[in-house]
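Biologist: I am new to this structure. Could you take me through it?
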Amino acid sequence: MTDDEPTHPIEGQIVLMAGAKASVPLEHLSELLTETQADLGGRFDEYRQRYECIHETPDESVFLVEEGHWETVGNRLGFGRREWDGLRRAHEQQLFRIGRRERRRSEFDSALEIRESVVIGTRK
């Protein structure tokens, strides 16, 4: 990987857990997250205009999107069901981790009852 290639904003332990739950090997899910970050990063302005941003740092922005969003993204990128489900789980768990740190977990739990989360890395 070069400095110009995007890295994904999902923490390693979360990648491991999400991959296990979705039956996607760690290395493969990490590759999928990197590929997806490249796609999402290129659509950042669209996300900013279209969706609610519920958390933002210099390194990442988190958006709430409609249910089924990860299936749509996965289909667009040619991923199978297990693969996009692993992505969905990883982004959801990353939001929960942020919620615990910021003492906003119950707020985020409620939001995810009807929506999905997308974490887009913003550090180059």
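Biologist: Which residues does His91 touch, leaving out those up to four places away in sequence?
Modeller: His91 touches Ile10, Leu33, Leu40, Trp70, Ser117, Val118 and Val119, where contact means heavy atoms within 4.5 Å. This is a predicted model, in which local features need pLDDT of at least 70, side-chain atom pairs count only at pLDDT 80 or more, and totals for chains, interfaces and linings use all residues. Residues are numbered from 1 along each chain as its sequence is written, and side-chain values use heavy atoms, with hydrogens and water left out.

Biologist: Is His91 buried or exposed?
Modeller: His91 is buried, at a relative accessible area of 3%; buried means under 20%, exposed over 50% and partly exposed in between, with a 1.4 Å probe and protein chains only.

Biologist: And how far is the His91 C-alpha atom from that of Leu33?
Modeller: Those C-alpha atoms are separated by 9.4 Å, while the two residues lie 58 residues apart along the chain.

Biologist: Which helix holds His91?
Modeller: His91 is in helix H5, helices being DSSP runs of H or I with at least four residues, numbered from the N terminus. Of the 21 residues of H5, 15 are buried, so H5 is largely enclosed by the rest of the structure.

Biologist: Changing topic, which residues of H4 meet H5?
Modeller: Trp70, Glu71, Gly74 and Asn75 in H4 meet Trp84, Leu87, Arg88 and His91 in H5.

Biologist: What comes just after H5?
Modeller: Arg103 follows there, with a positive phi of about 55 degrees.

Note on methods:
Helices (H or I, at least four residues) and strands (E, at least two) are DSSP runs, numbered from the N terminus.
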